[in-house]
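Please keep the structure in view while reading.

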Amino acid sequence: MTESPQIESRLRETASGLLREKKVSLFLGYEKATLPFRTAPLFLTAADEAERLVWNPFCSANLAVYLPRLFKAPADAREAKAAPAPPTVGVVLKGCDARSVVALLQERQVPREKLLLVGVACPGMVDRRKAERALGEHACLGAGEDARGNVRAVVDDGTEVTLRREQIVADACLECRAPTPALHDLLLGTPVAGKQADAARRRVAELESKPLDARWARFQELAARCIRCNACRQACPMCAGCKTCLLDQTRPRWIGAGTDASDVALYHLLRAFHLAGRCTGCGACARACPMGLDVRLLSRKMSQEVEDLYGFRPGEAADATPVLSAFSLDDSQDFVTEP
Amino acid sequence: MTEKKIPQASLDKLLARLQERGTVYAPGRGASGDVALLEMPQGEPVLQDYGNFALSPKAFFLPQTQTLLRFRDGKAEEPSPPDRPVFLVGVRPCDAAALLALDKVFLDGDPRDPYYEHFRAKATIIALACTQPMASCFCTSVGGGPGDGAGADVLAVGLDTGLLLRAQTTRGEELLASLADLLAEPTAQDSQEADERIRAAEGQLAPARADDSARRLREAYDAPLWAAAGQKCLGCGTCSFLCPTCHCFDITDEVRNGAGRRVRTWDCCAYPLFTLHASGHNPRPTPKERWRQRLMHKFRYAVENHGRFFCVGCGRCIRNCPVSLDLRTALKEIS
Amino acid sequence: MSVRNPYLPYPTRIEAVAIENGARDIKTFRLAFEDPAHAAEFRHLPGQFAELSLPGVGEAPFGIASSPTEAGYILFSVKRTGLFTGELHSLEPGAPIGVRGPMGKPFPWERMEGRNLLIIGGGFAFTTLRAAVKYVLDPANRPRFGSVLVIYGARTPDELMYKDELAAWQARDDLQVHLTVDVADKPWAHHVGVVTKVLDGLKPSSENTLAIACGPPIMIRFTLLSLANLGFSDDAVILSLEMRMKCGIGKCGRCNIGSKYVCRDGPVFTRDELKALPAEY
């Protein structure tokens with residue numbers, strides 16, 4: 001049985017209460033979008049507009065991406081002095097989003113005392129591309145959730161099609177180990193168990209079992225169609241924390257802006273390395289990619305390496321030291337070779 | 001203008017004939033499953049039933065990555081672009097019309113852009129009229145239509161029995177004349193069938209409020225909606241990269257030991273660094289100004305400078321925006 | 001004859017490098033075209049700019065500091081601020097450099113015909129004003145213009161550019177030159193105070209006069225107030241803007257203010273043209 005209607009009305013109550021009582025000055029949630037299978041982020045500041053908030057299988061965006069920007073002091077010293085005090089922000093978080101917030105807290109990118117975390121246990125969110133493909137020839141006129149949590153779509157010939165949720169949820173959801181936010185100030189919805197711990201590992205293992213040229217071909221599927229729009233980076237809550245991205249620097253210019261094979265490969269490799277120990281597997285990158293690429297190809301493996309080498313999974317303990325900032329005398333040293 | 005008909009069974013022959021004359025790109029499903037303009041021969045049947053390609057055909061005229069100059073021993077040389085004629089088959093009317101917008105910038109503006117001019121001269125556009133617009137389409141609100149041939153050389157309209165081919169330009173006329181043995185004279189019913197399909201498609205399009213946009217945008221310059229919508233924008237670049245009329249680009253040098261190139265790559269006004277000065281000053285410092293710039297450019301500045309929208313209603317930005325920003329909403333709200 | 005590719009720089013050679021200021025971060029480069037045919041093609045008017053090009057480094061736009069009446073070379077004064085200017089500053093005479101241009105709209109010379117000219121410059125922005133003054137002073141041109149009053153200010157005496165020429169201009173009687181500094185940290189015979197202080201003190205008449213002002217934003221702000229007080233209407237005040245640029249020819253979309261591209265519709269704008277544009281610069 002879906003809990004969406006109850007969660008939705010609790011969210012509206014919560015948001016309007018928090019805003020009215022001035023416990024937050026901004027509430028981030030989701031509202032209806034103009035196309036089916038999607039929602040839009042909602043920046044709520046007025047208590048009486050809380051009715052705009054929705055909760056449904058299409059609340060896929062990771063709202064944590066907005067948090068670093070809200071708390072970033074202006075670079076200009078004069079502007080910084082004149083800038084208003086940072087807001088207190090209430091934010092709706094699924095399991096993956098909450099992991100992003102934890103990772104941001106680990107890096108001191110956002111102040112915990114300025115956040116009010118409204119966690120929602122998440123049964124998995126719809127990947128709009130999977131849904132659209134499942135409808136095949138038909139255009140969708142509108143989509144909603146049925147009592148079982150499946151998606152009911154009205155298509156162009158007027159008929160209704162039911163799409164089973166498990167078949168159209170995002171890949172990241174299929175690998176999600178913590179759909180219920182561990183860090184929260186308020187938790188809505190019945191806790192949802194995580195997927196098997198090795199769901200992501202099996203995908204990595206499946207690829208690693210292939211010969212080198214097959215693996216290269218898989219990488220080429222990503223690299224050959226990447227248009228270097230940077231949507232993956234811009235949608236990533238961890239990338240949002242960096243003031244200047246390495247890949248934008250001009251002195252020196254580390255990487256070209258075009259689609260030459262070496263630049264594309266370098267972009268994705270560098271991003272994967274820069275997110276090592278920081279990527280929480282939320283899938284915002286893959287969702288943002290306009291070409292529908294498997295942007296998490298490398299970061300899936302990277303997360304596994306970090307876990308295997310250091311026993312560290314980002315996004316779990318808010319007070320943990322980020323893995324690449326921590327040094328322990330019994331860190332594995334197998335990779336160190338004699339000169 | 002000439003109207004001819006080609007039976008379904010002869011389509012393969014037509015495509016084969018074009019392949020003798022140049023490189024042909026036709027709609028097919030790539031490895032990803034998305035529909036795209038693929039170089040022929042594809043090994044798969046050419047599609048006629050699809051919405052639109054993920055990437056617009058502007059990439060053929062303004063490539064994502066384009067060498068402007070080659071450097072050798074510090075001296076600059078112009079590259080030699082490929083000389084083969086190109087046929088783009090199955091381009092949707094919105095994307096064909098977009099070329100007319102790009103022409104305003106690259107051909108009409110003094111000086112002409114020789115790189116764009118070269119590809120434009122080499123390409124023949126055979127557009128395919130739409131019979132099933134998508135919910136995100138709004139071509140009729142910006143001066144276009146599902147059966148509008150502006151920007152194409154030939155407009156094809158699907159019939160039960162084949163395609164009706166309507167020449168739009170002299171080049172289109174010449175093309176049809178050169179394929180005369182494959183083509184037949186259409187009947188009055190054929191023309192009628194085509195027009196009816198187009199009319200039906202037009203009827204399916206929900207309107208967007210682009211009317212009088214230049215004046216309304218001028219008056220709404222300081223409206224609160226720019227911050228309200230803009231704050232959601234991630235600056236991800238998806239809209240500009242997929243947009244068939246967006247043309248902003250960056251120029252960078254890639255040289256080692258005196259040899260290399262100067263290259264232009266797609267850029268996006270929504271990127272935070274787009275207008276950043278060396279001094280650190282940024283005329284468009286937040287997403288609010290950048291979202292406003294996008295709308296202003298497409299629906300006001302372009303109208304003031306070129307007399308047309310720089311938007312053809314293809315809907316790619318709406319379908320692909322990861323935070324569901326919809327410029328139709330902004331156009332409605334500025335009134 | 002095919003039209004030249006607008007992205008292809010003219011090859012030129014650095015003939016001379018002059019250090020302009022005490023901080024040694026402003027240099028004037030004298031460039032000569034390798035091909036005389038290119039020199040003939042490069043017909044510019046003061047107010048225009050060009051893109052200097054270094055392979056492997058990139059390009060950057062600079063106002064042309066020389067007048068078309070100065071035959072055989074073009075001048076650019078460049079302040080070292082970043083990647084490109086840093087590389088440029090490391091070059092010696094004899095080094096090759098590419099030039100694309102001339103670009104942009106010059107000062108409105110047809111309108112300036114028969115008028116008195118009030119030329120106000122601050123700091124490093126005096127480059128295209130030098131070109132304008134040299135152009136006006138050329139014997140073939142001087143009779144076409146009325147009186148010429150130049151006010152040029154910098155932070156300290158060392159920071160004034162073109163010192164030798166300024167001295168020569170001060171000795172002439174067909175123009176008036178008033179130099180001023182914020183701080184006179186060495187023996188100094190001229191004004192002390194900001195440019196607008198001198199302007200307010202001189203009270204030049206606005207009758208049949210066009211004012212051209214180039215300088216840092218704060219100087220411009222106060223200069224516009226002073227000019228308004230002196231009775232200059234908005235269309236009699238001419239400014240030159242700076243924006244981040246790439247192509248310089250109105251195609252890459254980067255330098256727009258409203259519907260105008262600074263590279264193609266500017267960089268010279270009158271105050272009333274600017275007032276009609278959004279304040280996004």
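The contact between the two partners draws 40 residues from chain B and 31 residues from chain C. This is a predicted model. Together, chain C and chain B bury about 3000 Å². Carbon and sulfur atoms carry 52% of that area. On the chain C side, the residues that lose the most area to chain B are Y7(C), K251(C) and E280(C).

Six salt bridges are found between chain C and chain B. In one salt bridge, the side chain of K246(C) meets that of D250(B), at 3.3 Å from N to O. Polar contacts join 27 residue pairs between chain C and chain B, with both residues at pLDDT 80 or more. Two strands of chain C, β3 (49-54) and β4 (58-63), each supply at least two residues of the side that touches chain B.

The interface values are collected here.

| Feature of chain C and chain B | Value |
|---|---|
| Buried area | about 3000 Å² |
| Salt bridges | six |
| Residue pairs in polar contact | 27 |

Now to chain A. Its surface carries a nonpolar patch formed by L309(A), Y310(A), L324(A), F335(A) and V336(A). The accessible area of these residues together is about 500 Å². L324(A) sits in the segment that follows α13 (297-310) of chain A. Is L324(A) buried or exposed? L324(A) is exposed, because its relative accessible area is 61% and exposed means over 50%.

Key. Residues are numbered from 1 along each chain as its sequence is written. Chains are lettered from A and ligands numbered from 1 in the order in which they are written. This is a predicted model: local features need pLDDT of at least 70, side-chain atom pairs count only at pLDDT 80 or more; totals for chains, interfaces and linings use all residues. Side-chain values use heavy atoms; hydrogens and water are left out. Patches are made of residues with over 30% relative accessible area and no salt bridge: like charges are joined within 9 Å, nonpolar side chains (Val, Leu, Ile, Met, Phe, Trp, Tyr) within 5 Å. Accessible areas come from the Shrake-Rupley method with a 1.4 Å probe; for residues, only the protein chains shown count as cover. A salt bridge is a side-chain nitrogen of Lys or Arg within 4 Å of a carboxyl oxygen of Asp or Glu. Helices (H or I, at least four residues) and strands (E, at least two) are DSSP runs, numbered from the N terminus. Buried means under 20% relative accessible area, exposed over 50%, partly exposed in between (1.4 Å probe, protein chains only). Contact means heavy atoms within 4.5 Å. Buried area is the accessible area (1.4 Å probe) that two parts lose on being put together, summed over both. A polar contact is a pair of N or O atoms within 3.5 Å; within protein, one must be able to donate a hydrogen and the other to accept it, and residues adjacent in sequence count only if both atoms are side-chain atoms.
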